[in-house]
Amino acid sequence: MIPIKLTFQAFGPYVNKQEIDFGKFTNTGVFLIHGNTGSGKTTILDAISYALYGKASGGQRGDITAMRCQMAPEDIPTEVEFEFEIRGRTYKFTRNIKIRTKRNGTKEYNVTQNAMFLDEEGIFIPFFENPRIRDVEQKSIEIIGLNHEQFIQVIMLPQGKFEKLLVAKSGEKEDIMVTLFNAEKWQEAAEWICNEARKMNRDIQGKKDNIIHLLKADNAETVEDLENQINELKNNIENSTKEKKETKEKLTKERANLEIQNEIFNIFAEKDKAEKELSKINSKESEINEIMIKLEKGKKAFNISQKYANMNNLQLQLKEMKSKLATEENNYKNCIDIIENIEKTMSELTEKEAYIEDLKESKIKSEGLKEVYSQITKSKVRAESEKKKYISLSSELKSKQLLYAESKERLQKYSDKINYIFNNYSLKLPILRENVEKLNSIEKKQNEFNLIKAEIKNIDTILDKFNKDADINFKNIETKKAEYENKYHHYLDQAAYIMGEGLSEGQKCPVCGSIHHPEKALKSKDDVDASLIKKLGIELDKLKEVNLEISNNIAKYTAEKSAKSERLKNMYEEIAQLISSFNGDIDKSIRNNLKIAEEENNKIDSLRKTEANLKDTTTKIDIEISELNIKLTEQSKLMEESLAIYNSLNSRKIKGIENEEDLNKKIDDLNKTINKYINTLKELTNKKSEADKALSSSKASLNYLRSDVKNKNNELQEIKLKFDVELKVNNFNDYEEFKLYLVDEDILDKWDKKIQSFIIEKGTVKNNLERLIKLTENKTKPNIDELKNIIIELDKKVTEWEKQIALCNDRNKRLEKIINIVNKEQEQLYEMMKKYDNYYNFGITLRGDTGISLRRYVLGVMLSSVTVEANRLLKNVHDGRFQLCRTLEGKGRSRKAGLDLEVFDAFSGEKRGVDSLSGGEKFLVSLSLSLGLSAVVQAQSGGISMDTMFIDEGFGSLDSSSIGDAMRVLSSVKGSKRLVGIISHVQNLKETIETSIIVEKGREGSKLQINV
């Protein structure tokens, strides 16, 4: 993780916005954070930790609301923003608090958070639409690869915890290093291999059961039993084949005899067929004679058919012309009807001419009254206005009179009310106050009782939701686990192949320790990336963490419910005790009565002031009433004058026309009626002219069509006479006989061909029959059916033998196939058992059942690399006195060994525990170890990114010489692209480390100063 920028405001002791650009410290690699005690140095680390995890660097300051600057005004929100880079990608995490003070004085904190990444266009894109606290924390763990506890052990080292990694137990180191070096995959690989071995064992048992089932299906216990059954089948096949051969020889002889007899039988059959055909042909002779007559008549009809067609065409033309004549006659009649209707309508309009003239006179009269109606409207408006003023003054006078009466009445009421309050409330106040104090104590307990009861009900609702969430999450875990195991299987095959690929004969295996490698792992077909396994593992871990969180919540709320139920029981007893000690009956209206009495008593002074005001108001109203009476008399005269003018003008109105608008409407209606009459008359005149023209045209067409029909009819009669002569010449009695024999030329040809075919067919059949009679002389017709039955019987016997042979062969083949299957199954069983032994032994070896686990072995190798790098740095400490060593033997079981540390002291020449180091020595060794760990992790691929380290104090326990050693250790960071931030008060560090952040403390809040 490479920090880029940190921004915060209203956070800890900082009121105003502060910004740290970590890019300014890249060249030196080391920078110092210093300032007075309490100025806010550690708050810088807290800001980074809060932005990423929502927790302080030391984990003891509560949530982000606890870090709100108390000096900051409410309108300045608390903001923390941290930008950093990991593996070439930039991220930004933010946390914000906005404060609002409620009416009751309590403060409401609105906390928001977000996690974003920088896209190719330089824009920060949020990972979540509505991020929750848990979402942002999980995203931080996913990106950095460390949870909060691990983060403050290897990257951000808080006060008093710097040496924690150095003195941590072997198991604690393993937990940290598993995350740093992504080593969990090796233990998961071992577990997976053991699970695979268990699956193989189940498959082996299934394979054995399958072999037994195959043998028992054919009544056999062993393969030898099946082979004996095959020998018996071979003997049966040999005997059946011999019997089949003899039967087939007899069948061949009978078939040859059948062929000879069949030829003779066919000649007799052919003779019978020829006799039947000749008889059938003779029966058709009368039909052929009829066709010959039809053919002769048809040819004559065909010769005069063209003249017949011409006559028919003339008839069709005449029919069409008559149709046109009838249409035109109808058209002529319609024209006459239209003219008559128009003339009738025009006659009716002429009768209305006098009525239209009356309407014109009415229109002129109405237009003359427009000015009168305009004056009527204005006078009416004025009369109504004066009347409204009179009514308004009357109403105002009446209102003032009523107000005067009410004021007098209210004045009396206020006097009565003051006396009533004093007698009924003021005198009773001391007694009411005493009773309310007794009731408050009881109700306070009852309210608390009801509140706890509601909280228990709410907890029940929450528990129901968590139980449902637990069921859903369990199903999600099972699904994700199956996917993870499938991908991990392929990944482990690949890992085993990579581990074994570089091993040569005689080289010690890092897993089992053997120097012989007869069967190395094969390369996996599926190339599964470690990042995919890690991603699936993280997703599964997230689901498991959610499950754990749900379980913790269920336990938490269950315990909370139990505590509240106990408190509810105690509250009930306390309330009962209070009620029993109450003097007299408990009446909840006592408090209300007290409130009413106090309120009423407080009203007396106000009522007396109001009483005095009312007296003044009553006198004022009496004066206003006198003035209004004078105004009302004057307004009455004005109203009567305006009403007289309006009545005079109103008498000139037309009956039924009340206003100017109605008058204008009447004039418009008269105009419409007059114009409609004129337009209708003009339209009818035009239509009559057009109808006269159409009648003249129709009459001319009618005369032409009648003449044409007459001429066409004469032509048709002449042609009919000529065709009748043709019918008689060709011996046709009438038209019906002619049409009977009038057919297409194709039919005539068909009749002719049918006659010729009959003559040829009869001659051919007759000649063939004479030939067959000569061939059958002195011969007997054979019995073919009897010969065929003999052959059928022999054929059936051959089929039965073949069927028996086929059944035996099929069973023989099936048994041979089963023997092959059983042999292959037994071979596979042997290979499976062999593979199971390899997997089982390999799995328990990797898991550490018989020694150190593969994961612990790999972590031991990585820890050795870390100590090598740390020892390189320790050469600059105390003249190289101390060197870190990894213990190769465990204190307990052997598989727990390999991750403990001790130091070699060059002064004594012996090794000793790291706990024996002094505070200063322990700090220097821890510093070298942390930097060594950072360097090794940074060099590895697939682990987390450790580009940055923050150290909070620890230098105070060093003398000037040790500080020099520490600075020489830290100088290794320069130029390595890593960054170390140090918080310290030590003066030597201020003089030695030029790049620094100075924290200045003031009354208006702390502020930062960057020195580069």
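A residue is called buried at under 20% relative accessible area, exposed at over 50% and partly exposed in between, using a 1.4 Å probe and protein chains only. By that rule, buried residues are 37% of the 1012 residues in the protein.

This is a predicted model, in which local features need pLDDT of at least 70, side-chain atom pairs count only at pLDDT 80 or more, and totals for chains, interfaces and linings use all residues. Residues are numbered from 1 along each chain as its sequence is written, and side-chain values use heavy atoms, with hydrogens and water left out.

**Whole chain**

Start with everything shown as a cartoon. There are 22 helices and 15 strands; these are DSSP runs numbered from the N terminus, with helices being H or I of at least four residues and strands E of at least two. The radius of gyration is 62 Å, well over the 31 Å from the globule rule for 1012 residues, so the protein is more spread out than a compact globule. That radius is taken over C-alpha atoms, and the rule is 2.2 Å times the number of residues to the power 0.38. Along the principal axes, the C-alpha atoms fill a box of roughly 155 × 150 × 75 Å.

Next, colour by charge. The protein carries 167 positive and 167 negative side chains, and the centres of these two sets are 2 Å apart. Lys and Arg count as positive, Asp and Glu as negative, while His and the chain ends are not counted; each charge is placed at NZ of Lys, CZ of Arg, CG of Asp or CD of Glu.

**Tyr704**

Select helix 15 (residues 660-729), where Tyr704 is found. Tyr704 counts as exposed because its relative accessibility is 58%.

**Aromatic rings**

Now show Phe, Tyr and Trp side chains. Rings (the six-membered one for Trp) pair if their centres lie within 6.5 Å; planes under 30 degrees apart are stacked, over 60 edge-to-face and the rest tilted. The count is 18 aromatic pairs. Select Phe8 and Tyr14: their ring centres are 5.0 Å apart and the planes are at 75 degrees, so this pair is edge-to-face. Phe8 is buried at 1% relative accessibility, and Tyr14 is buried at 0%.

Move to Phe25 and Phe31, with centres 4.3 Å apart and planes at 15 degrees, so the pair is stacked. Both Phe25 and Phe31 are buried.

Finish with Phe82, Phe84, Tyr91, Phe93, Phe117, Phe127 and Phe128, which ring pairs link into a cluster.
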